[in-house]
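The sequence and structure come first.

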Amino acid sequence: MSGASEASEAVGRRAGSDALVEVRNLKTYYEGGGFLGGDPVKAVDGVSFDIRRGETLGLVGESGCGKSTLGRTLMRLEEATDGEVRLDGTDITTLSGDDLKQFREDVQMVFQDPDSSLNERMTVGELVREPLDVHDWKTPSERRARVRELLETVGLQEEHYYRYPHQFSGGQRQRIGIARALALEPDFVVLDEPVSALDVSVQAKILNLLEDLQNEFGLTYLFIAHDLAVVRHICDRVAVMYLGNIMEIGPAEALFDDPANPYTHALLSSIPEPDPTAKRDRITLRGTPPSPRNPPTGCPFSTRCPVKIRPEGYEEMDRGQWERIEVFREVLRERSRANPSLSDRARALLGRETHRADMDDIVAEVFDGHETDEEVMRHIREAAEYAEDGDEDAARTYLREEFNSVCDHEMPDQEAVGDGRVSLCHRHEPEYEEPATVFERLTD
Ligand SMILES: Nc1ncnc2c1ncn2[C@@H]1O[C@H](COP(=O)(O)OP(=O)(O)OP(=O)(O)O)[C@@H](O)[C@H]1O
């Protein structure tokens, strides 16, 4: 069995058999557009998880990590590149004809921005009735009655039927969006940032409504959000996404109280602490995520991980020095990814110097004013020379070999880490220290 399918089996066993949605090794790539094509954007890059009947699974992560793409793939609004999505046991990635039509009744999506998802020229009644019309649901008079019932269910009044969306507040417009989503009595609803565009006071009302509706109709939710406080409040379990991968998934309380994965740790560390006297390990995340066109070969988080496993001989090096080496490697990665401008290429062809940042300047920028071991500086200069000669690949390979870490070149397995949680990190393997232990040392 391959590593990926073993992980999938493990995820399935842990989630039990009450899963409504089962996702296995799902990938959604956007083909490189433009004249020259290029590498695809690996927006979702091999995720496996279950969503149990009647639960709310939160999906969190920084902007661009693939949350919406994952949600849209589960809805068949994007085509999966590989892997499986089963809804109630049926793989939906290959459905067509009547089966696809039935699927479109069973699943619905609520969007962040009610303004852009509601046609301003339709009345509220027409908007809520539209899905019923499209699916030829029962008779016209039954549809009208259903719309009235739905308006009441989401807290709108019957007289709103003939009004237009622009006559409503943001919260009311989101209620219209929710009524539309519920029209065909779905089992599974993807809520994509459903309250992010609303005032805080309105957010709470919409969240309560969503909870009430879930209890009343036995709905299963995937709740996509960047606001971790909202997620903690409303979700039973949470999945933390980074660069197209799920880094950690598990019950909300356990995951928030005692994050197992270094990325979860760093993400939670960015939430302001309500009690300023409370002790919380603060870790600032350096840099930005790598491009999903060109993700790291090993662990997706390896280029920014504060507790990355270090090679022999570097374990005891102080944090600042190790971080500067990591920053220098990051600069080289960025430099080799950045396309030289046309004029730079022309100058290079003519044998003239280009305007790309001089390597000596970069080395000085990163290392000057800090104490660095002689031996480390020798390696840095050697790599800088390769880069200066235009061979960035050789520079990167040189540094990779010297500062080699398992995190750089091997994808970790999904490991069970207690309390029903699964986390993607080499540090859960027995020969390494757990992330929490290293974090504690770093923040002492
Ligand atoms: N239609 C598309 N074509 C090409 N690339 C896309 C497309 N849609 C999204 N992407 C890219 O895929 C990656 C994941 O995007 P996605 O919108 O799924 O992330 P997200 O986590 O939902 O972000 P946000 O929180 O900002 O909405 C990003 O790099 C994005 O630029």
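## Residues with positive phi

Arg76 counts as partly exposed because 17 C-beta neighbours lie inside 10 Å; a residue is buried if 20 or more other C-beta atoms lie within 10 Å of its own, exposed if 12 or fewer, and partly exposed in between, with C-beta atoms placed from the backbone. Arg76 belongs to the loop between α2 and β4. Its phi is near 65°, a positive value in a residue other than glycine. Helices (H or I, at least four residues) and strands (E, at least two) are DSSP runs, numbered from the N terminus.

Lys138 also has a positive phi, near 40°, and is a residue other than glycine. Lys138 sits in the loop between α5 (124-134) and α6 (140-153). With 11 other C-beta atoms within 10 Å, Lys138 is exposed.

## Model and confidence

This is a predicted model, in which local features need pLDDT of at least 70 and side-chain atom pairs count only at pLDDT 80 or more, while totals for chains, interfaces and linings use all residues. Residues are numbered from 1 along each chain as its sequence is written.

The pLDDT, the predictor's confidence in each residue from 0 to 100, has a mean of 87 for the chain, and 87% of the residues reach 70 or more. Over residues 1-5 pLDDT stays under 50, and the model has four contacts beyond four places in sequence for this stretch. Two residues are in contact if their C-beta atoms, placed from the backbone, lie within 7 Å. The model scores are ipTM 0.98 and pTM 0.88.

## Overall make-up

The chain contains 18 helices and twelve strands. Of its 444 residues, 36% count as buried. Among contacts in the chain with a separation of 6 or more, 68% are between residues 24 or more positions apart.

## The four-stranded sheet

An open sheet of four strands runs in the order β2-β1-β4-β5, with antiparallel pairing. Because β2 and β5 (90-91) stand at the edges with a single partner strand each, one side of each is left without a neighbour in the sheet. Two strands pair if DSSP finds at least two bridges between them.

β1 and β4 are joined by five bridges in the antiparallel sense; in β4, Arg86 is the bridge partner of Glu22. β4 (residues 82-87) is linked to β5 by two bridges, again antiparallel, and Leu87 has Thr90 in β5 as its bridge partner. The hairpin of β4 and β5 has two residues between the strands, and Asp88 in this hairpin takes a positive phi near 50°.

Helix α2 lies across β1 (19-30), β2 and β4, and runs at about 60° to β2. Axes are lines fitted to C-alpha atoms, for helices over the stretch in contact, and angles run from 0 to 180 degrees between N-to-C directions.

## The ligand shell

The ligand is surrounded by 13 residues, the closest being Tyr30, Ala43, Ser63, Ser68 and Thr69; a residue is near a molecule if its C-beta atom, placed from the backbone, lies within 6 Å of it. β2 (41-52) and α2 (67-74) each supply at least two residues of this shell. The largest share, three residues, comes from α2.

By type, the shell has five nonpolar, seven polar and one charged residue. Ala, Val, Leu, Ile, Met, Phe, Trp, Tyr, Cys and Pro count as nonpolar, Asp, Glu, Lys and Arg as charged, and the others, Gly among them, as polar.

## The eight-stranded sheet

A sheet of eight strands is open and has the order β6-β7-β8-β3-β9-β10-β12-β11, with mixed pairing. β6 (107-110) and β11 (414-416) stand at its edges with a single partner strand each, so one side of each is left without a neighbour in the sheet. Neighbouring strands of this sheet are turned by 20° against each other on average, direction ignored.

β6 and β7 (residues 188-192) run parallel and are joined by four bridges. Val107 stands opposite Phe188 in β7. Helix α7 (residues 170-182) lies across β6 and β7 and runs at about 175° to β6. Helix α11 (residues 262-269) lies across β9 (237-242) and β10 (245-251), at about 100° to β9.

## Ser117

Ser117 is part of helix α4 (residues 114-117). It counts as partly exposed because it has 19 C-beta neighbours inside 10 Å. Apart from neighbours within four places in sequence, Ser117 is in contact with Phe111 and Gly177. The C-alpha atoms of Ser117 and Tyr398 are separated by 51 Å, the two residues being 281 residues apart along the chain.
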